[in-house]
Amino acid sequence: MAKDKKKEVTIFVEGTPHQWPKGEISYEEVVALEEPCFASNPNITYSVTYKRGMGNKPEGTLVAGASVKIKDGMRFSVSETGQS
């Protein structure tokens with residue numbers, strides 16, 4: 001039985017589990033999972049860090065416009081940094 005749907009993995013944003021299609025996730029997508037009104041408030045910037053990532057880069061910082069490959073169990077922290 002073939003599946004058209006991409007395999008999903010569970011990632012955690014501020015401790016909350018989210019199902020996400022395997023592949024990559026962008027800074028904006030991570031922030032939107034934690035702050036649903038993110039897109040409507042461009043004056044607030046966020047710091048995004050991750051842990052339990054892929055092989056050669058298991059942890060790091062995600063910046064606006066960037067994305068990172070995800071894996072099951074990956075954890076993200078999102079914190080407001082204020083005005084841009």
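Modeller: Before we look at this predicted model, one term is needed: a nonpolar core is a set of buried Ala, Val, Leu, Ile, Met, Phe, Trp, Tyr and Cys residues that are joined through side-chain atoms within 4.5 Å.

Colleague: With that term in hand, how many residues does the largest nonpolar core have, and which have the most contacts inside it?

Modeller: The largest nonpolar core has 19 residues, and those with the most contacts inside it are I11, I25, V30, V48, I70 and F76. Two or more residues each come from β1, from α1 (27–34), from β4 (44–51) and from β7 (75–83), and β4 gives the most, with four residues. In soluble globular proteins, nonpolar side chains tend to be buried together.

Colleague: What does I70 touch, if we leave out residues up to four places away in sequence?

Modeller: On that count, I70 touches V9, I11, W20, P21, G23, E24, I25, M54 and F76, and each of these is called a contact because heavy atoms lie within 4.5 Å.

Colleague: What makes β1 and β2 a pair of strands?

Modeller: Two strands pair if at least two bridges are found between them, and six bridges join β1 (residues 8–13) to β2 (residues 16–21), so the two strands meet that condition. They run antiparallel, and the bridge partner of T10 in β2 is Q19. The hairpin of β1 and β2 has two residues between the strands, and E14 takes a positive phi near 55° there.

Colleague: How many side chains count as positive and how many as negative, and where do the centres of the two sets lie?

Modeller: The chain has 11 positive and 11 negative side chains, and the centres of the two sets lie 10 Å apart. The accessible surface of the chain comes to about 5,600 Å², of which 50% belongs to carbon and sulfur atoms.

Terms used
Residues are numbered from 1 along each chain as its sequence is written. This is a predicted model: local features need pLDDT of at least 70, side-chain atom pairs count only at pLDDT 80 or more; totals for chains, interfaces and linings use all residues. Side-chain values use heavy atoms; hydrogens and water are left out. Accessible areas come from the Shrake-Rupley method with a 1.4 Å probe; for residues, only the protein chains shown count as cover. Lys and Arg count as positive and Asp and Glu as negative; His and the chain ends are not counted. The place of a charge is taken as NZ of Lys, CZ of Arg, CG of Asp or CD of Glu. Buried means under 20% relative accessible area, exposed over 50%, partly exposed in between (1.4 Å probe, protein chains only).
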